[in-house]
Amino acid sequence: MEKTTVNTETLRINLIEMIVEASFELPEYVLRRFREMAASEKDEAAAETMRVLLENAELAKAERLPLCQDCGAVIVFLEIGQNVTLEGPFLGAQIEAAVEEAYRSCYLRKSIVGDPLRRNNTGTNAPAFVHTSIVEGNQIKLTVYLKGGGSENMSALKMFTPTSSAEDVVEYIVNTVVAAGPNPCPPLFLGIGIGGTADEAALNSKKAVLRGEEPNPDPYYAGLEKLIEERLNKSNVGALGFGGISTVAGVYIKPAPAHIASLPVAVNMSCHSTRFRTRIIGG
């Protein structure tokens, strides 16, 4: 396969653009889903809540205002093709520079503290949280995911015994979301990592949401996703916790191989402002 050279300055520029786009504009499939949910609501208060969320998205795009006052932690996923050669300044520094520039130039709220206990704000929204993997090919798949603290705080992980049933797992997920109530700002795009190790399940629960509008390629897990969505939308948590049938806008499961003695299940609640962008660089 032909080799490709990518300058890290190209990645820095793209990352700035992606952070800005994600901060002000929801993906079109998210808006489409919200319109469907608003039209399906029978309770007027619930329907009005969905209309407010749609109006918020329209104003954010038109006025170049952040979709949420919590402008999020920056999570970066890099899938680097084995036949890609990087050149230019150190990639890690370029990512941090992109975050700083985007948040400074667009007056986005800076929410990152440099130490978890002493709570000193870095003043730049850096560092980003970067996850890199090596894949086949001569391209780089670059994804930026902006994650707010309210929804992130509702994350959950449970280590099941391997004899647990699929129904046990579904019940845990449903109960976890219902217990969170309005805190993660539903309607949610719910990512679920099943299998792997504890850390991989948690990471996969974030990666799962990034599937967007693509269907699950595995019919078994597609069926579980539908079951979880149906149960949660009958829970009456509803949009922003005001009741109704709009608790989740989508459910996404990403499974992984696991040890014979383990069955980790991680839950990632992505709020109604599900903000991410993906680009392919090089090739």
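Start by selecting residues 166-180, helix α6, and residues 219-232, helix α8: their axes come within 10 Å of each other and cross at roughly 40°. Axes here are lines fitted to C-alpha atoms, for helices over the stretch in contact, with angles running from 0 to 180 degrees between N-to-C directions. That angle makes α6 oblique to α8 (under 35 degrees counts as roughly parallel, over 145 as roughly antiparallel, 65 to 115 as roughly perpendicular, and the rest as oblique). Helices are DSSP runs of H or I with at least four residues, strands are runs of E with at least two, and both are numbered from the N terminus.

The model is predicted: local features need pLDDT of at least 70 and side-chain atom pairs count only at pLDDT 80 or more, while totals for chains, interfaces and linings use all residues. Residues are numbered from 1 along each chain as its sequence is written, and side-chain values use heavy atoms, with hydrogens and water left out.

Stay with this pair and show side chains. On α6, pick Ala166, Glu167, Val170, Ile173, Val174, Val177 and Val178; they meet Tyr220, Leu224, Leu227, Ile228, Arg231 and Leu232 of α8 (contact means heavy atoms within 4.5 Å). This contact of α6 with α8 has eleven nonpolar, no polar and two charged residues. In these classes Ala, Val, Leu, Ile, Met, Phe, Trp, Tyr, Cys and Pro are nonpolar, Asp, Glu, Lys and Arg are charged, and the others, Gly among them, are polar.

Next, select α1 (8-24) and α4 (91-105). The axes of α1 and α4 are 9 Å apart and the helices pack at an angle of about 30°, which makes α1 roughly parallel to α4. From α1, the contact uses Thr8, Glu9, Leu11, Arg12, Leu15, Ile16, Ile19 and Val20; from α4, Leu91, Gln94, Ile95, Ala97, Ala98, Val99, Glu101, Ala102 and Tyr103. By class, the contact of α1 with α4 holds twelve nonpolar, two polar and three charged residues.

Keep α1 and α4 on screen, as each supplies at least two residues to the lining of the largest cavity. Its volume is about 40 Å³. On a 1 Å grid over the protein atoms alone, a cavity is a set of points where a 1.4 Å probe fits but cannot get out, a pocket is an open set with protein on both sides within 12 Å along at least five of seven lines, and lining residues have an atom within 4 Å of a point. Grid points are joined across faces, edges and corners, and a volume is the space filled by probe spheres set on the points. Select Leu11, Arg12, Leu15, Leu78, Leu91, Gln94, Ile95 and Leu142 to see the cavity lining.

Move to the largest pocket, with about 560 Å³ of space. Centre on Glu79, Lys141, Lys207, Leu210 and Arg211, the closest to the pocket centre of its 24 lining residues. Then colour β2 (73-81), β4 (129-135), β5 (139-147), α7 (198-209), β8 (248-256) and β10 (275-282), the elements that give two or more residues to this lining.

Finish at the second largest pocket, about 450 Å³ in volume. Of its 22 lining residues, Ala73, Ile112, Phe129, Lys147 and Glu152 are the closest to the centre. Here α7 gives the most to the lining, with three residues. The lining of this second pocket has eight nonpolar, seven polar and seven charged residues.
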